[in-house]
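Colleague: I have the model open next to the sequence. Can you walk me through it?

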Amino acid sequence: VDNACKVSSHKGKLAVKTCRQDESMLISITNTCSELSDDELSKIFEPFFRTDPAAQNGTGLGLAITKRIIEKHRGTITAANTPTGLEMRIGRPVIR
C-alpha cells in the first residue's frame, strides 16, 4: 500500500479490495500510476530494481522482500496493468 501511494499521481486514486475465494484470501491493490512496460512488470519483484532509477528514495528492495515473505506463507503476488492502473494481486491460503 505504501508503494502504491508513493507512485500514484498527486490526485491519484488507490483501491484496496479483499475477498475470499475457495480456500484463499485475495487482496487487490490498484493505484492510478503510469502503465509499466512488459519488461518492467517482469522485473519489479527483483531485488534492487526500480522503475525510476533517478528517484531519490527507495532501494528497490520493498517488493522483492514482500514477495519472499508472501511466498514463505504459501502465497502469491503478481502485478498487472489494468484500465484503472497498476494492480498488485496477493493470494494466500486461509489458515484455520
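Colleague: Let's begin with a pair. Which residue stands opposite Ser24 in S2?

Modeller: Gln21 stands opposite Ser24. Strands here are DSSP runs of E with at least two residues, and helices are runs of H or I with at least four, numbered from the N terminus. Residues are numbered from 1 along each chain as its sequence is written. This is a predicted model, where local features need pLDDT of at least 70, side-chain atom pairs count only at pLDDT 80 or more, and totals for chains, interfaces and linings use all residues, while side-chain values use heavy atoms, without hydrogens and water.

Colleague: How many bridges pair S1 and S2?

Modeller: Eight, in the antiparallel sense. Two strands count as paired if DSSP finds at least two bridges between them. S1 and S2 form a hairpin with two residues between them, and Asp22 in that turn has a positive phi of about 55 degrees.

Colleague: What is the strand order in the sheet?

Modeller: S1-S2-S4-S3, an open sheet of four strands with antiparallel pairing. The edges are S1 (14-21) and S3 (76-82), each pairing on one side only. Neighbouring strands are turned by 15 degrees against each other on average, direction ignored. Axes are lines fitted to C-alpha atoms, for helices over the stretch in contact, and angles run from 0 to 180 degrees between N-to-C directions.

Colleague: And S4, how many bridges join S2 to it?

Modeller: Eight, again antiparallel. Ser28, for example, has Arg89 in S4 as its bridge partner. On the S3 side, seven bridges join S3 to S4, and Ala79 stands opposite Met88.

Colleague: Which strands does H3 touch?

Modeller: H3 packs on the sheet against S3 and S4, and its direction makes about 130 degrees with that of S3. Contact means heavy atoms within 4.5 Å.

Colleague: Changing topic. How much space lies in the largest pocket?

Modeller: About 830 Å³. Of the 30 residues lining the largest pocket, the closest to its centre are Asn3, Ala4, Val7, Thr51 and Leu63. A pocket is an open set of points on a 1 Å grid over the protein atoms alone, where a 1.4 Å probe fits, with protein on both sides within 12 Å along at least five of seven lines; lining residues have an atom within 4 Å of a point. The volume is the space filled by probe spheres set on the points.

Colleague: Which element gives the most to the lining?

Modeller: H1, with five residues.
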